[in-house]
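User: I'm new to this one and have just opened it. Can you walk me through it?
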Amino acid sequence: MDRRTFLTYNAAAAAIPLAGGGLSSLAQAATRPAPIDFKSNLPAPGTFPAKWICGSKSAMDNTDPPVHVHWYNPHTAILRQNKAYSYEAPFAPLYFGNDRVLLLDEGYTQLRNDWDLRGVVDQCIEEWCARNGRDPASMELIVAFSHLHDDHYFAVNQFAGRPHTRYMGQTHEEMVGFWGMTNFPEQRVSLDLGGREILIWGSPGHVVSEFAYYDSYTQILYTGDMFYRGRCYISFWQPWFDSMKRLIDFVDTHPVSHVMGCHVEISKDGEDYPYGVTWQPDEAPVQMTVQQLREAWAMAQTIKEPGIYFTGTVFLCNQTRGLTTIDKNPYRYA
C-alpha cells in the first residue's frame, strides 16, 4: 500500500473504537492468556531514566543508537530520539493494553533508512508479547500524535503497509474525526486499549490541531508541545490560555503522577539550550509535577502582552518569533 492509499484508508475509516470497543476478528480469534489488570493498584509504578541519550559533542562522531528505548514499567515504553539525529529529539510514549498498542508521536525521521522507527516499535511489541504470552499479529497498533508538526508525524511512510495498524490523518478534520470528537476542544473522549483507558481532549494554542492525553494506568498526563521543558511557543494566546485552564481543571479532579511534554530544551539549572543544538549534557528531566503546571498557570494569568516569560520550569513564549533562543533580546512583536 503506497502512502497516499494508506492515508486515504485511515482518513476514510470509521473513528477508532472508544471505551467498550471490540477487537478485530483476527484478534478475537487468537488464543490468549488471562487479561492483564490495568485498573487495580493505581497509579502503576514506573521510573524515568537518570539520563536520556541527549546527543554528542560532535554529531558525526556519535556512537549511541538513534532512539533511546526506556521501559517505564513492564507495560509502558517511552522512546526518545537521540539529539545527534535531530535537535528536536522528540519523546514518544508507547502504551500497551490487552488488545491495542498506542504510539503517541514519532521521531523526526521519514524513511526507514534514515533510522527505523517502525523496527524499534515492532521490537518493543515483540518483547512485550513474548513476556505476556501474546501473538504480535493479534495486537492492533494505533499511531497517533499530539499535533500537526512534522517532528511528530514525519514517519508516516514507515508504517504504510504495516498490518493491523491505524494511523491518524493529517488534517484537523481527520485528527478530530479519528477520535470521534464532535465538540473540539472541550469534549473528552476515552480510548480503550483493552482494559487500559486513555482520555483525550483538545489542547490548542501552540497550534490549532492539538491534543492532551491521560493514561489512567500510569496516570501520566501527556501535554505535547503546549507545555514542556523548554520554549513553549504559543501561537494563539487565548486558545492556549483556555487549554491551560482545562489542564488545571483536569488535575483538580484526577490523580496525576507526572506531567510530560514532547521535548526538553532546558538544563537542570534553567539554562536555555540554543535552538538547533545537538548536545544537551545536563538537560532537565522530561517529567514535571502538577505543582509546576500550577505555577505556570499562575504566571499565565498575569501575562497581558506578547513576550517571553520564565516560570522556573518552562519558557512561555507568547506570540514571539519562532525558532529563537532565550537571551537578552525580547523577541516580541512590536
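User: Start with Arg294: what is its relative accessibility?
Analyst: Arg294 has 30% relative accessibility and counts as partly exposed (buried is under 20% relative accessible area, exposed over 50%, partly exposed in between, with a 1.4 Å probe and protein chains only). This is a predicted model, where local features need pLDDT of at least 70, side-chain atom pairs count only at pLDDT 80 or more, and totals for chains, interfaces and linings use all residues. Residues are numbered from 1 along each chain as its sequence is written, and side-chain values use heavy atoms, leaving out hydrogens and water.

User: Which side chain does Arg294 meet in a salt bridge?
Analyst: That of Asp252, at 2.9 Å, N to O. A salt bridge here is a side-chain nitrogen of Lys or Arg within 4 Å of a carboxyl oxygen of Asp or Glu.

User: And Asp252, what is its relative accessibility?
Analyst: Asp252 is at 47%, so it counts as partly exposed.

User: Which residues are joined into one network?
Analyst: Arg118, Asp122 and Arg162, through salt bridges that share partners.

User: How many salt bridges does the whole structure have?
Analyst: The search finds 9. One of them pairs Asp272 with Arg231 at 2.5 Å, N to O. Asp272 sits in the loop between strands E12 (258-261) and E13 (287-288) and Arg231 in strand E11 (residues 231-234), so the pair ties together parts 41 residues apart in sequence. Strands are DSSP runs of E, at least two residues, and helices runs of H or I, at least four, numbered from the N terminus.

User: Are those two buried or exposed?
Analyst: Asp272 is buried, at 9% relative accessible area, and Arg231 is buried too, at 2%.
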